[in-house]
Each structure stands twice: as structure tokens, then as C-alpha cells.
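Please look at the model below with its charged side chains and its strands in view.

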Amino acid sequence: MNSMDGPRVVVIGGGLAGLSAACELAGRGVRVTLLEARNRCGGATFSFSRGGMRVDNGQHVLLRCYEQYRRFVNTLGSGDSVGIQRRFTMPLIGERGHRASLRRTAAPAPFHLATTLATYDVLSVVDRMRVAAGALAIRTLDPQDPELDDISFGTWLGRHGQNNATIAALWNLITVAALNSDVDHASLALATKVFRTGLLDSTDAADIGVPERPLDALHVQPALDFLATRGADIQHNSTVRSVIPENGSFTLRLDDAELSADSVVVAVPPDTAAAMCPTAAGLAPQRLRSLGAAPIVNVHVVFERPVTDTRFVAVLSSPVQFVFDRTAPAGLGHGQYLTVSVSAAQQWIDVPTSRFRAVFLSELARLFPAAAGTAVLDFFVTRERRATFQQGPGTRSLRPPTTTPVPGLVLAGAWTDTGWPDTMEGAVRSGNDAAGVVGEHLARREDTREVAR
């Protein structure tokens, strides 16, 4: 059967989850229509132009364990721009400019981190032993255990001998970056997923990948090109108001049109999904609102000349959390473009840019002395108020599954119950899961029709 004559699947939402679902379906020969309410795709991972540069709205990184995201960009032909480390190495700047790093060896997990922990002089010897004991205790936890989702990671750490020093120098360093939350507000289940999958269960899982292209060149435009070459219909500025099941199919009502579909993937934020889906889909708005939202801000600084040779660095005891050199990926011809990524940014989300400028330029000059005497050519802040859902205790019970009670109506998004945190990997996994459910639904429907014949 030619895909143009087969059943139509409408994917609502052109973020990473929607793009991955649409590409997976189109790659199987399914007739796909992608509807995006905005004039661009990419969702929370997009790029824009400024001062001759191509700038990402926020700094995103990935790990080697992001298997489905990596498969996605490899399928799109852009996987060579991920830039994954040969071995996990995280350089750090501690108090008073002290330099340190976390790095792995080639030893089997969890011994691959033993050497770096033994020499991690940001912490005392006793505190390094505390961390080692905590890591071994985490390895005994099952992230799928529902009881783990009822308490915070900080509470568990306190019960297992961790103190303010170990939390600040290690546990919070990873948790804030991975879960957009500090340990006291993070679900133990999700924290266990992060530390076990990313750091403790496999030797190379935590090897860091920093995109060497802007996000729109890494996965947004390649996905749209992939869809276009497979006959998909891509419609921007197309807001879906309601999805109505009708006799085994669906009618989608837009502002000025209606579309019919044999199956629908709803890949939009949870509150939007609840508003457009029928009551039979079981998306209780109040329940989804309880997922909440957590912000991330990024501070962008263009210096007249280079001020550091580091590709990226984590910073302890500072409003600066991570600094990335984005000069080459942004296409800047001279000078240096640094991005400062600040997660769990509730205290910063409404701060005026002038305050950011005063605080962060001072901190960058402290961290990189050459910055103190270097002219700033541009300074701006990007703010994502709803960068992730709040990944706190009780989260898992609020995240709906991919399937809904309405056959053929499927959910996608990092906020669904993927078992992963709200990350690019979680978004792609949700899209792939949605495509699998749609494929099964279409196959069952075709089998039913064959029997009827």
C-alpha cells in the first residue's frame, strides 16, 4: 500500500516528542500530518538568530546513555554533530577558584569512578567516603519502586549519612543539572534513575555530549527535511482546539478548518493536551496541573576576545552553574560567546537583565580573570518558565501513560510516564513509544477490516 493512500496519522505538536513520533511513523511508510501551533518547530529546544549568530534558547547536553535520542539524530543524518566525550570528564571550579574534575576510568562500573572520587579534593577524605557509601546504597534501589517516588532525594541522602558538603559538591551538582531541581525537591525515584542509569550501572553511560551545531541544525530542520522527503504534510500556525472521536476515527477542529485522522498523537504540554482531548481520554486537568513547571534561564555573553579555553565547566558555590563555549556552533567569527546555564532558576526567572549583568559579569570575571578586562559586545538572557515539569515526590503518579482509553488517541511528551526525567531522551522515547502504539492500533484496525471482508 502506498503511504499516500493509507490511513492518516495526525501528530499535534512539533516539539522533540512530536518530531520523533512523526519521523518514526513516516519512516515506516505511514501518511503523517504534523500540526504546530507556532511558526516554528522545536518546542523547548529551538534556535534563533542574533547579531549574526545562531543561538539556542538554552544549553542542552546529552549523555551516551541517551540511546534513543542518539539513534534519532543518526537517522536524520546529523549524529556526527553530537560530540560525545571519549570518557566522562567534568571539569569544575570550586571556591576561591580551586580547579578539580570528575572523570571515569575504563574499569567496570561502579569502580570506574573510584579513582576520581578518591582524588576529589573539593571534599575531605571523610566526606569522600560518605559519597562512596551513598553511591553504593543508591545501587540497591529500584527506580521503578513506587515507594521511592513518595520521598525526596534530600530526605534519603540525610538518612544515609550525607551532609551539606557532599550535597553541595556532588549530589546537588548532578541533581540540579539533570532534574532541574535541588535534592530537597527532587523525587528519589527520578534521582535514582539519574544516578543509576547515568553514573553507577554502566562504565560509559555518563560520557557527555555537547552539541556542535545549534539545535535547529542538529534535530529540528533535519527532522522536517526527513518528513518532507517522505511526503508528510507539515503545517505551522495550526492550533488544534479539540480532538473528537467519531466512529473509530477522529475529527480535529482548528481555528479555521477541520481535519480527519485515523489516529492522533497529542504531543503538546499537559495543560494544552487536557484542553483539546475528549473527556474519555481521562486527562484530568487538575491532576496534570499538579505536575507544575520549573524554570531554566541562560545568560549569554559575547566577549570581544577569548577569555577562557575551556569547552565547558561546572561551578560550585556560585550563581553560575555551568559555562559553555558556544563560539563555533553559533558561527561567531571573532571574539568568544559563552552561555551560562542556570537550572532550578525560580529565584532568577523574573530578575531584570540589568541585575543579571551585574551579578554574572562579575562572576565570570572572577572565574576567568581575562574577562575582567575584556569588552562585552552583547549580553542577553533567555528564560524558559516551563522548561520542565516539577520532578518532585509524587511525580510518577501524575504522569499519564502513552495510551489513553480512546483507541487511536495517543500521548507523547517528556511529561508522560516514560520512566525518564524530563530530558531530550525522555521526549524522544515518548515519541517512539507513541509511534509504536499507533502502529499497533492501525494494524489491529486493518486486521478487523480484513476479517469483515
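Asp-56 and Arg-326 join their side chains in a salt bridge, with 3.8 Å from N to O. The term salt bridge is used here for a side-chain nitrogen of Lys or Arg within 4 Å of a carboxyl oxygen of Asp or Glu. Asp-56 belongs to strand E4 (residues 53–56) and Arg-326 to the loop between strand E16 (322–325) and helix H11 (327–330), so the contact ties together parts that are 270 residues apart in sequence. Helices (H or I, at least four residues) and strands (E, at least two) are DSSP runs, numbered from the N terminus. Asp-56 and Arg-326 are both buried. Buried stands for under 20% relative accessible area, exposed for over 50%, and partly exposed for values in between (1.4 Å probe, protein chains only).

This is a predicted model, in which local features need pLDDT of at least 70 and side-chain atom pairs count only at pLDDT 80 or more, while totals for chains, interfaces and linings use all residues. Residues are numbered from 1 along each chain as its sequence is written, and side-chain values use heavy atoms, with hydrogens and water left out.

In total, the structure holds 21 salt bridges. Another of them is formed by Asp-80 and Arg-213, whose closest N and O atoms are 3.8 Å apart. This pair also links distant parts of the chain, 133 residues apart: Asp-80 sits in the loop between helix H2 (67–76) and strand E6 (89–93), and Arg-213 in the loop between strand E8 (208–209) and helix H8 (215–229). Asp-80 is exposed, at 61% relative accessible area, whereas Arg-213 is partly exposed at 28%.

Arg-196 and Asp-201 form a salt bridge of 2.9 Å, N to O. Asp-201 is partly exposed, with a relative accessibility of 33%.

Now turn to the strands. Strand E10 (residues 240–246) pairs with strand E11 (residues 249–254) in the antiparallel sense over six bridges; two strands count as paired if DSSP finds at least two bridges between them. Within this pairing, Val-240 is opposite Leu-254 of E11. The hairpin of E10 and E11 has two residues between the strands, and Asn-247 there takes a positive phi near 55 degrees.

E11 also pairs with strand E12 (residues 258–261), again antiparallel, over four bridges. Thr-251 faces Ser-260 of E12 across this pairing, and three residues lie between E11 and E12 in their hairpin.
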